[in-house]
Amino acid sequence: MPTAEGRPQTLYDKVLQEHIVDERLDGTILLYIDRHLVHEVTSPQAFEGLKNAGRKVRRPDCTLATTDHNVPTSSRKSLKNIETFVEEEDSRLQCMTLEDNVKDFGITYFGLGDKRQGIVHIIGPEQGFTLPGTTVVCGDSHTSTHGAFGSLAFGIGTSEVEHVLATQTLITKRSKNMRIQIEGELAPGVTAKDVVLHAIGRIGTAGGTGAVIEFCGSVIRNLSMEGRMSICNMSIEGGARAGMIAPDEITFEYLKDRPLAPKYGSEEWDRAVKHWKSLQSDENAQYDINVFIDAKDVAPSVTWGTSPEDVVPITGSVPDPESYTDKGKKENAYKMLEYMGLTAGTPMEEIVLDKVFIGSCTNARIEDLRAAAGIVKGKKIAANIKRAMVVPGSGLVKSTAEDEGLDKIFTDAGFEWREAGCSMCLGMNPDILAPKERCASTSNRNFEGRQGAGSRTHLVSPASAAASAIVGKLTDVRKFAGESSSASTKAPPTSYQGKAHVDERVETDDEEKEIIGDQPEDNSPHTNTIAAHSSAGLPKFEVYKGIAAPLDRANADTDAIIPKQFLKTIKRTGLGSALFYALRFNEDGSEKPEFVLNQEPYRKAKVLVVTGPNFGCGSSREHAPWALLDFGIKCIIAPSFADIFFNNTFKNGMLPIPITNQADLDAIAAEAYAGKEIEIDLPNQVINDESGKKICSFEVEEFRKHCLVNGLDDIGLTLQMEDKISAFEKKMTKNTPWLDGSGYLKRGKNGKLAVKPAPVPKTNRGEEIKEPLDW
């Protein structure tokens, strides 16, 4: 239901309310999206959907694309084009497909030859594309990073990527309000990464499910923007939809002179700052969940298991599974110790490492590299460290670090100095761990196989990673006291230094500028619109019956549902064989007979009954529901689901059913363990056994039910609201003009960049030279 007028509002409430295009009585919201970041992994199928439906990108001036997940981070000195540079075939295809799509749809793109290229969640803030009070989405779960600016930022699946490209809106529901307040002063050696790891250890990986977390308190106020981004980045690891921090003077200082921010000192800047200052939670605003953390309780932290919630202080020891009172957690702890190759009671500082990785969208900004360099300066990595890597988050971060001499500090110490990209964070590129190799990593996830099959990951801060590389073991960075700046003192704002880098091709050639910015003709200054197509597009889901397979697993993450090596596809189909790959198959490709889907009658399962909570946690990859659907599973029953996975299933005509009553779940699981069919009657919202006898009822949102039962396509439905969307955009342009595309994103009335056409260069034989680097 719409919120009550006049009641105190949280930061989340305010930003959400400003972006509601339409709200139904059942609480379904059509939310306007200000900023859309696009990368190569979760976009190919979305662009394919647009082409098949004859649709345009509605707001190319509010869309920014780059390649980051798949790209090698090796030297680009010999780079000619992405086709010859990316060696792995599937990765190359995804990158090339993105390059084709941005040209076809007129989207601004930072390719590997552009110094602005980098990880999406680093380049957005760096360019001033991310602004306070905006709604920001990307087909990546760590989009929550941008919430550090007071924006409502969250990850979406590929179907939602297509929805935003076509309509600049999303269909959503209100989230709960959650507050994590951290007060006091951090001790030397304790960083923002330690704060967020500590918080996740407190609330667990499902603690924020269904909520948007607002981080506040004196510790947060004293953090730099880089530190705040690290905090919000890992909100998703606590199960939250998003993380937010109210903007303040540190935020405004960071945004000064950013290429896509309002021009500093202008009337528009002053007007924007006035608005941004209003983005504070009202006094007496109500939160559904409150968590208080005393800064003195936060120490340099490290993970020991295969979930970000498995956190202990670096001075602690590997926990004993017998210390868990919950049977499921106890069993899971034993499994984690086996996978991680650890023994209960082992001091964390005695754990020997093989590799060290400093990078990722969590910790690859200039402040992170400075902290790590301060530790390693004048030292050498330990003899047992096989490889230590520093991967800057963008070309501009890399250039700044090199100007400061940080690259030489790292290389002198024995680190590799790499090009920008996601790198070892998720092992979709050549930077991976070998089986059973142990790594201290500044990334955000330590799931099984995350950094490579059989890899063992310990999450730490950049300073801790640097110290661990020098010692050769997980190390308390406080032993290097005074050699790296602490987060305990108020960090000076990091302002943008120098003018924005502009792709040299754009600076010197109008034709290239046209290629980068071109798009089909608009009907209005900033938007592309088309007549609504039919809203029918999915098979109807009414009464569904089939074999139910039981899965006794808690926190089944998307990396387990479908490992990262199978994400390198530009299609939605053919992923059934990859479902639960590591659980279903041995290293030689043979089946593991003990896994349920390798047994009869479950090879033909149509329903998955999960007995543990938080199914589908982790990344925003829509490949997880695609794999389930391709296998033949169209309905998943579980105690609870991660938010993004839950949304993604509905977009594919699937039905996730949360069953919170333990007796009902046990009754359904009993049917599954007996190898029987169950029947899902969606119109009547009941689950029956194979004889038709009712087991229990279930809840489902009315709008989602309506779409499933009628097989309706969200995009087609949304385009029927064109008048409301256009009216909202006109109001936005009047009230917050800085949110329309500016700088190199700005389009003219014809939808194109205002440049004169230039002749395409030709060889002496008169053949067109199509590769810009050959010109």
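Author: At 39% relative accessibility, Glu404 falls in the partly exposed class, and its partner in a salt bridge is Arg370, with 2.6 Å from N to O. This pair links distant parts of the chain, since Arg370 sits in helix α13 (residues 366-376) while Glu404 belongs to the loop between α14 (395-403) and α15 (406-413), 34 residues apart. Arg370 is likewise partly exposed, its relative accessible area being 37%.

The model is a predicted one, and in it the structure holds 40 salt bridges. Another of these joins the side chains of Glu23 and Arg174, at 3.2 Å from N to O. Glu23 lies in strand β1 (residues 20-23) and Arg174 in the loop between β8 (169-172) and β9 (176-183), so this contact ties together parts that are 151 residues apart in sequence. Glu23 has a relative accessible area of 19% and is therefore buried, because buried means under 20%; Arg174, with a relative accessible area of 25%, is partly exposed.

A further salt bridge is formed by the side chains of Arg59 and Asp61, with 2.9 Å from N to O, and here both Arg59 and Asp61 are buried.

Technical notes. Residues are numbered from 1 along each chain as its sequence is written. This is a predicted model: local features need pLDDT of at least 70, side-chain atom pairs count only at pLDDT 80 or more; totals for chains, interfaces and linings use all residues. Side-chain values use heavy atoms; hydrogens and water are left out. A salt bridge is a side-chain nitrogen of Lys or Arg within 4 Å of a carboxyl oxygen of Asp or Glu. Helices (H or I, at least four residues) and strands (E, at least two) are DSSP runs, numbered from the N terminus. Buried means under 20% relative accessible area, exposed over 50%, partly exposed in between (1.4 Å probe, protein chains only).
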